[in-house]
Amino acid sequence: MADTLEFNEIYQEVKGSMNDGRLRLSRQGVIFKNSKTGKVDNIQASELAEGVWRRVALGHGLKLLTKNGHVYKYDGFRESEFDKLSDFFKAHYCLELAEKDLCVKGWNWGTVRFGGQLLSFDIGEQPVFEIPLSNVSQCTTGKNEVTLEFHQNDDAEVSLMEVRFYVPPTQEDGVDPVEAFAQNVLSKADVIQATGDAICIFRELQCLTPRGRYDIRIYPTFLHLHGKTFDYKIPYTTVLRLFLLPHKDQRQMFFVISLDPPIKQGQTRYHFLILLFSKDEDISLTLNMNEEEVEKRFEGRLTKNMSGSLYEMVSRVMKALVNRKITVPGNFQGHSGAQCITCSYKASSGLLYPLERGFIYVHKPPVHIRFDEISFVNFARGTTTTRSFDFEIETKQGTQYTFSSIEREEYGKLFDFVNAKKLNIKNRGLKEGMKQSYDEYADSDEDQHDAYLERMKEEGKIREENANDSSDGSGEETDESFNPGEEDDDVAEEFDSNASASSSSGDGDSDRDDKKPAKKAKIVKDRKPRKKQPESKKGKDPNAPKRPMSAYMLWLNASREKIKSDHPGISITDLSKKAGELWKAMSKEKKEEWDRKAEDARRDYEKAMKEYSVGNKADSHRGERSKKKKKKQEKQVKGKGDKKGATSKSSSSKSPAKGMSDSFKSKEFVSSDESSSAESKKEDSEDEGAASPPASSEDSASGSD
């Protein structure tokens with residue numbers, strides 16, 4: 001018989017998940033190597049206590065029990081391999097490989113047996129299911145009931161979280177079957193039990209994740225969070241890192257505890273425990289240990305009696321118990337002097353802290369990214385406004401984090417920090433253009449003192465004062481130019497002239513068409529203001545003095561040719577950028593020289609503007625008088641035109657049938673008879689002053705004859 005047996009594609013069941021690997025049986029023992037992780041499980045032959053062969057979902061399986069109570073399960077065997085395995089166990093391990101089939105009746109009533117690290121639920125002699133007690137995280141009892149809770153298995157897609165057993169009451173005195181069941185479970189289960197007194201207790205601490213106020217009890221091996229609704233027990237072995245971060249308002253502190261595996265509440269996992277402290281809170285702390293024990297255990301890192309800020313005491317105790325250093329922000333300082341940057345992540349606002357070896361974002365959701373797992377970073381413009389930008393981080397695993405709505409003033413500080421840490425910047429080629437654009441934005445910010453901006457504000461005030469002075473002189477003209485009543489008269493006059501020409505040629509309209517001139521007049525009224533609108537919006541007076549240039553523009557005009565000669569072929573845009581850089585780097589003394597020149601130009605402009613305003617007022621008065629005289633003459637001419645229009649209307653009413661036919665004739669189509677009759681009627685009307693109704697009827701009769 002061979003000394004070794006090897007099987008490929010064997011699956012080891014660990015906490016409910018199946019791990020693929022290779023199984024090797026030899027004289028010395030059983031070895032299983034995980035194909036995914038490379039982990040090797042070695043079981044010595046002398047430790048084997050029992051071997052069971054059974055039918056499972058993946059064919060057939062082998063269950064091995066050791067003398068110290070551990071259970072190992074391997075699946076994926078073929079039925080034909082039983083004889084080979086049975087003979088090998090007899091020859092080398094001196095064990096009988098027993099065959100046991102699982103019960104598949106579906107009953108939920110049976111017997112619980114405890115064997116080593118295993119809880120077996122049996123119906124008769126056949127097992128239904130088995131629970132490794134090392135997977136149990138909590139065991140609670142009720143009336144005739146025991147509840148088992150299990151650790152979360154991150155490798156399995158679906159995990160069993162809870163099982164409840166009903167234990168019927170018995171007649172035996174002095175023995176509670178529920179308590180006996182729970183004690184058997186707790187003796188082997190991986191349950192954190194709060195035995196003994198806590199080293200110290202911090203009351204009512206504000207916790208951001210998980211949210212609420214919790215009492216924190218510090219035990220030698222674990223941390224107990226006790227809240228009104230939930231309790232969490234956190235072993236110190238699950239603590240990865242500690243962070244102490246100052247809030248941007250400089251009045252609060254964040255204390256962050258990174259956990260792996262995370263604490264869980266239902267389907268929610270908390271990878272970070274975030275506590276928020278006020279710097280003003282102080283505490284006096286006394287450890288529940290004598291001085292000798294404190295000195296022996298903590299070696300001077302803690303003392304029995306301590307006092308200070310609350311956040312300092314909590315961080316100091318945690319550092320001593322977890323035995324990990326506390327990470328604080330490095331040398332980074334933002335635009336406002338804070339060691340963090342305000343931004344948004346996943347639609348929630350928070351703070352991004354650049355650390356010496358990574359970034360951490362608090363608080364919802366918390367994110368910690370180490371520099372060694374970053375593939376590259378990217379600076380992108382904000383999608384909604386140019387006043388902010390986005391900071392993107394992509395890890396080597398392909399995960400992307402986007403921190404948005406960062407103020408543009410933080411760009412330079414953050415870029416220099418990332419550059420100093422030698423991180424790969426995706427858009428490094430755009431650095432100069434982008435930095436310049438944000439510098440330009442920063443120059444226009446009102447929070448910064450900018451001499452050029454102040455100068456522009458002063459010039460704006462001067463222009464407003466001059467505009468007010470000119471409006472005082474031309475106010476009457478402006479009021480006259482927009483006079484609704486007179487504008488209507490002008491429109492009517494223009495229409496009447498057209499109407500009189502057409503009526504004299506066409507000899508009147510019918511009564512039905514009397515409304516047409518009103519409609520046409522309305523159309524002309526709508527068009528007339530649009531025709532006159534460009535006249536009201538006159539361009540700048542070419543005789544008006546030109547506005548003075550600022551100090552920057554004076555310097556730019558004087559230095560433009562020099563910049564072009566120093567940089568041949570430079571474009572207009574690049575020339576403007578270069579000029580901005582030179583002006584910004586110019587010393588204060590040189591800028592004062594150009595400020596004086598700009599001040600002299602401003603005084604000359606004010607003097608010329610006053611002289612121009614005086615002359616402009618005199619011209620406006622003369623123009624007003626001539627305009628009023630002209631309007632008066634136009635009104636007189638308009639009155640005569642109205643009389644002619646009334647006479648033409650009376651003549652049109654005398655011959656309605658004729659007027660209907662003549663209304664469709666053009667201006668040139670006029671007969672001699674019609675024109676002579678119209679002239680005779682006009683002379684009669686002028687001699688008599690106004691035609692009376694009987695006379696008009698007689699004339700109409702004679703005309704028809």
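Reply: Cys343 counts as buried, at 1% relative accessibility (buried is under 20% relative accessible area, exposed over 50%, partly exposed in between, with a 1.4 Å probe and protein chains only). This is a predicted model, so local features need pLDDT of at least 70 and side-chain atom pairs count only at pLDDT 80 or more, while totals for chains, interfaces and linings use all residues. Residues are numbered from 1 along each chain as its sequence is written, and side-chain values use heavy atoms, leaving out hydrogens and water.

Cys340 is buried too, at 1% relative accessibility. The closest cysteine sulfur to that of Cys340 is in Cys343, 9.1 Å away, which is too far for a bond.

On to the nonpolar cores, meaning sets of buried Ala, Val, Leu, Ile, Met, Phe, Trp, Tyr and Cys residues joined through side-chain atoms within 4.5 Å. The largest has 40 residues, and Phe202, Ile218 and Leu223 touch the most other members. Helix α4 (residues 310-322) gives the largest share of this core, nine residues. Helices (H or I, at least four residues) and strands (E, at least two) are DSSP runs, numbered from the N terminus. Setting aside neighbours within four places in sequence, Ile218 is in contact (heavy atoms within 4.5 Å) with several residues, among them Phe202, Leu223, Val317, Met318 and Leu321. There is also a second, separate core of 26 residues, including Val367, Ile369, Val377 and Ile406.

Now for the rings. A search of the whole structure turns up 29 aromatic pairs. Rings of Phe, Tyr and Trp (its six-membered ring) pair if their centres lie within 6.5 Å; planes under 30 degrees apart are stacked, over 60 edge-to-face, and the rest tilted. Phe121 and Phe165 make a tilted pair, 6.5 Å centre to centre with 40° between the planes. Phe121 lies in strand β10 (residues 118-123) and Phe165 in strand β14 (residues 162-166), so this pair ties together parts that are 44 residues apart in sequence. Phe121 is buried at 8% relative accessibility, and Phe165 is buried with a relative accessible area of 8%.

Phe359 and Phe391 form an edge-to-face pair, with 5.6 Å between centres and 65° between planes. Since Phe359 sits in strand β27 (residues 358-362) and Phe391 in strand β30 (residues 388-395), the pair ties together parts that are 32 residues apart in sequence. Phe359 is buried at 1%, and Phe391 is buried at 0% relative accessibility. Ring pairs link both into a cluster that also includes Phe332, Phe371 and Tyr411.

Some rings have a charge over them, which takes NZ of Lys or CZ of Arg within 6 Å of the ring centre and within 35 degrees of the ring normal. The charged end of Lys105 sits over the ring of Trp107, 4.6 Å from its centre. Lys597 lies over the face of Trp594, 4.0 Å from the ring centre.

Key
Disulfide = S-S within 2.5 Å.
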